[in-house]
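Please look over the sequence and the structure shown below, and keep both in view while reading the report that follows.

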Amino acid sequence: MLFCSTRNENVNVPSAYAILNGLADDGGLYILHSIPEIKAEDIEKMSEYDYHKTAETVLAGFLPDYTADEIAQFVKNAYGVQFDTKEIAPLVKVRENMWSLELWHGPTCAFKDFALQMLPQLLPAAARKCNEDKTVAILVATSGDTGKAALEGFADVEGTKICVFYPHGGTSDIQRLQMITQKGNNVNVFAVKGNFDDAQNGVKAIFTDEEMAKKLNENGIMLSSANSINWGRLAPQIVYYYWAYSRLVANGTIKCGDMIDFCVPTGNFGNILAGYMAKKSGLPINKLVCASNANNVLTDFLETGVYDRNRIFHLTDSPSMDILISSNLERLLYMLADDAKVSEWMAQLKSCGRYDIGADMLKKLHDEGFVGYYCDDQVTARTIVTIYKENNYLCDTHTAVAVDAAQRYMTDNESNIPMVVVSTASPFKFAPAILSALDEDSDGDDFEKLSALEKAVRQKSPDSLSMLKGKKPRFEEVIEKEDMKNKVLEWLTK
Ligand SMILES: *Cc1c(COP(=O)(O)O)cnc(C)c1O
């Protein structure tokens, strides 16, 4: 049960190595040579399991060199009291034949917690398994959500340190406060003068700096990233597809073996790819509906077979999906073609921003169940209002993009198959956009908007958001992008 690179089938590394190193040397992504099978009888039993037991069962196959005891301990640590419900990922009925899988009950109120609560468990163990006794230092450039989720996951995890860079003035008030008030003795946060790309390029430059690597090595430190292409982030996301399915079996909606559909609000393609992994390992999934916002590069790709990033970049109300290069798509391409083809397409993407997989491959994609839909901010807002008024269900902007896609897919295909919409963020995390959708616009800062939304919908916002207001900032330093390297070095070697 070894991993190869999507650009070279002859690579053979264990999962610990893939997790510790993130990206393969050839620039490809790590993937299992063969996808483990989860048998129908094991899926049947899951309807009696809690989230933890489901996670232990599913992860065993996808993290082959971790022991059952390790996985059980990690699952317990990752999905504990930091979630505001024992169910961890509640499946809520929205309307006839449509459910919402709420992945935002974790510490940062968005689905990235599922991966970033688990990765900090997997990484130090991966280092031990690879006979690496150095401290693993994680560097993250963030436009908002990933940084906080990573900080929250790695805070006070032994054998690790984490440093986050965000663009000064480039995040919402709440996102900034979430990061600069972070607790933990192994964390650090800097605002960088510049935009997200400046922060991202600064981090990339640190990773490839040989002098830096040498100095850190002398101090017993190795650098790693918490990037969404890391296998340690992908594997934990497979679990909740099984979980959603087994909830529908448990509540009598379906019999074990019946097909269901999922609709996933998509950016970097990590979440929906985890759904495909669930399908390939045996979960009866019919369609995987890929929902995009105005940055509809994936919708076009799933319709034409041409991936073309040469287009206008839109800043939308669903910012976590504002992406033109969906890195994890490379794993899907590998699963349907081969390493030579993937290498060729990725080289074309790099040189001219475009590749064409051809009619046969496109047919394969459709046969595997992939369909794409997209909508703009206006339709997103309208969907939030309709679902709230007609079904009394409040969803965030990212989820609304998926609700719209799910509805249109079901109408276009007269589908009676149960549809699970993957809900990726708490509506309170995007209060300003939700308020304006509901036509309850108010003046004021993010916190005033949070209270205005609470009043408008008569629901309480998650404590982790509302309690931010009184918290004391710990990290207020604003730095030049040229100083990023020295700041990291200073902090890690002091
Ligand atoms: C990251 C994110 C997404 C996109 O997920 P991918 O795995 O990158 O496709 C969607 N919604 C929210 C709220 C997110 O934070």
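In which loop does Asp156 lie? Asp156 is found in the loop between H7 and S7, where the labels stand for helices (H or I, at least four residues) and strands (E, at least two), which are DSSP runs numbered from the N terminus.

## About the model

This is a predicted model, in which local features need pLDDT of at least 70 and side-chain atom pairs count only at pLDDT 80 or more, while totals for chains, interfaces and linings use all residues. Residues are numbered from 1 along each chain as its sequence is written, and side-chain values use heavy atoms, with hydrogens and water left out.

Most residues other than glycine have a negative phi. Asp156, although it is not a glycine, has a positive phi of about 60°. Asp439 also is not a glycine and has a positive phi of about 60°; its place is in the loop between helix H19 (431–437) and H20. With a relative accessibility of 70%, Asp439 counts as exposed, where exposed means over 50% relative accessible area, buried under 20%, and partly exposed in between (1.4 Å probe, protein chains only).

Helix H6, made of residues 119–129, is mostly covered, since nine of its 11 residues are buried. Among the buried residues of H6 are Leu119, Pro120, Gln121, Leu122 and Leu123, and Pro124, Ala125, Ala126 and Ala127 are buried as well.

Glu132 lies in the loop between H6 and strand S6 (135–141), and at 21% relative accessibility Glu132 counts as partly exposed. If its neighbours within four places in sequence are left aside, Glu132 is in contact (heavy atoms within 4.5 Å) with Leu20, Ala127 and Met222. The C-alpha atoms of Glu132 and Ile221 are separated by 10.0 Å, although these residues are 89 residues apart along the chain.

## Cysteines without a disulfide

How many disulfides does the structure hold? The structure holds zero disulfides, a disulfide being a pair of cysteine sulfur atoms within 2.5 Å. The sulfur of Cys130 is too far for a bond, because the closest cysteine sulfur, in Cys4, is 17 Å away. Cys263 is in no disulfide either, and the nearest cysteine sulfur, that of Cys290, is 8.3 Å away.

Cys130 counts as partly exposed, at 27% relative accessibility, whereas Cys263 is buried, with a relative accessible area of 0%.

## Helix H3 against helix H11

Helix H3 (residues 51–62) and helix H11 (residues 231–250) pack at an angle of about 130°, with their axes 9 Å apart; axes are lines fitted to C-alpha atoms, for helices over the stretch in contact, and angles run from 0 to 180 degrees between N-to-C directions. H3 and H11 are therefore oblique to each other, because angles under 35 degrees count as roughly parallel, over 145 as roughly antiparallel, 65 to 115 as roughly perpendicular and the rest as oblique. The residues that make this contact include Tyr51, Thr54 and Phe62 of H3 and Trp231, Pro236 and Trp243 of H11. The residues of the contact of H3 with H11 divide into 13 nonpolar, one polar and no charged, where Ala, Val, Leu, Ile, Met, Phe, Trp, Tyr, Cys and Pro count as nonpolar, Asp, Glu, Lys and Arg as charged, and the others, Gly among them, as polar.

Lys255 lies in the loop between H11 and strand S10 (260–265), and at 59% relative accessibility Lys255 counts as exposed. Not counting residues up to four places away in sequence, Lys255 touches Tyr245 and Val249.

## Helix H8 and its partners

Helix H8 (residues 173–180) is mostly covered, with six of its eight residues buried. The buried residues of H8 pack against several elements, including helix H7 (145–154), strand S7 (160–167) and helix H20 (446–457).

The axes of H8 and H20 come within 8 Å and cross at roughly 110°, which makes H8 roughly perpendicular to H20. In this contact, Asp173, Ile174 and Leu177 in H8 meet Asp446, Phe447 and Leu450 in H20, and the residues divide into four nonpolar, no polar and two charged.
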